[in-house]
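The sequence and model are shown first.

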Amino acid sequence: MGFPADCFESGLGYQAQAGDNFIVTYPKCGTTWTQHIVWMLQQNGQPLPVGKDINREIPHLEQVGSEFVAALPAPRFIKTHLPHALTPYHPEAKYIYIARNPFDCVVSFYYHTQGFVKHYDFAEGTFADFFECFINGEVDFGDYFEHLVPWYACKDNANVLFLTYEDMVENTQRAVIEMAKFLGTQYSKQLKKLDVLNNILHHTSFAQMSQKQSRWSSKRPNYAAPFIRKGKVGDWQNHFSQEQAMRLVDKFRVYSAQTNIEKLWPGLLDDVEKKYGEFCWQ
Ligand code: PPS
């Protein structure tokens, strides 16, 4: 992933504190979008100024290390992709977890891995190559399902707000309001001013964020493709073979049998099977 090893290691040792707010995701599930929403909630609806890097404002724990995060003014807002067992915990810290369906996640992750040319040496990698890594859990931050399942189990905890990327796309306003309420009255009362809510919805829309991405930061010198790429639900259908679709359905069903994670995306697995169901195992 290209993070300094000492920062990664020190990030693992960060002691969460009362009042910390974590944005927790498996990669490519809506982290950057959520960072911008939360940042604007903190700033009375003002967007991130040109030249500022959201990953300095709401830093990625594993990238910057614990000292950087500990030195942030409270209340801290922190991004992490760490799995549940490694995420710094404090009962009075808050955790916003965003889940995205694994079909679109792997596609987004593929373009990410292909795009960071110096970090991954995968510029020539195909989707088929990446799919094998993903389904075997051999990608940054490990297995998708192993990340999702323990957080899903905590979804009703008072200090966890569990949302899906798909819900955010379907009704962004509802998601913004839920985030604000969860973070506390100082944030939710901002939304009573209509222009604050409208500003957040406008500036964090896919159109705005994709248009502005190169102006915010350009601390992504090794990234060869747009980071805010397509922002769609269902793009996987343009990438998956029948065999890949059914293998991911099978893996999903194994995890779902124990946990009901299938309920996060009602009808998804049935739809995939309907579309690709004639696939016959050899
Ligand atoms: S990372 O690298 O893990 O931080 O990536 P992350 O930000 O979690 O995920 C990137 C995907 O989120 C999409 N995105 C958005 N979708 C809708 N609306 C907005 N505003 C938005 N901002 C980012 C981004 O395009 C990536 O998804 P794909 O499918 O690749 O387009």
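At the start of helix H9, a side-chain oxygen of Asp143 comes to within 2.8 Å of the backbone nitrogen of Phe145, a polar contact (a pair of N or O atoms within 3.5 Å, one able to donate a hydrogen and the other to accept it). The model is predicted: local features need pLDDT of at least 70 and side-chain atom pairs pLDDT 80 or more, while totals for chains, interfaces and linings use all residues. Residues are numbered from 1 along each chain, and side-chain values use heavy atoms, without hydrogens and water.

H9 spans residues 144-153, and seven of its ten residues are buried (under 20% relative accessible area, 1.4 Å probe, protein chains only). Among them are Tyr144, Phe145 and Trp151. The buried residues of H9 pack against several elements, including strand E1 (21-25), H6 and helix H15 (242-259).

The ligand is surrounded by 22 residues, each with a heavy atom within 4 Å of it. The closest are Thr31, Thr32, Ser108, Lys230 and Gly231. The shell divides into eight nonpolar, nine polar and five charged residues.

| Residue | Ligand atom | Distance |
|---|---|---|
| Thr32 | oxygen | 2.4 Å |
| Tyr165 | nitrogen | 2.8 Å |
| Arg229 | oxygen | 2.7 Å |

Taken alone, the ligand exposes 640 Å², of which the protein buries 98% (Shrake-Rupley method, 1.4 Å probe). Helices H2 (31-42), H6 (102-115) and H14 (206-216) each give two or more residues to the shell; H2 gives the most, with three residues.

Terms used: Helix = DSSP H or I, 4+ residues; strand = E, 2+ residues; numbered from the N terminus. Nonpolar A, V, L, I, M, F, W, Y, C, P; charged D, E, K, R; others polar. Buried < 20%, exposed > 50% of the residue type's maximum accessible area, 1.4 Å probe, protein only. Contact = heavy atoms within 4.5 Å.
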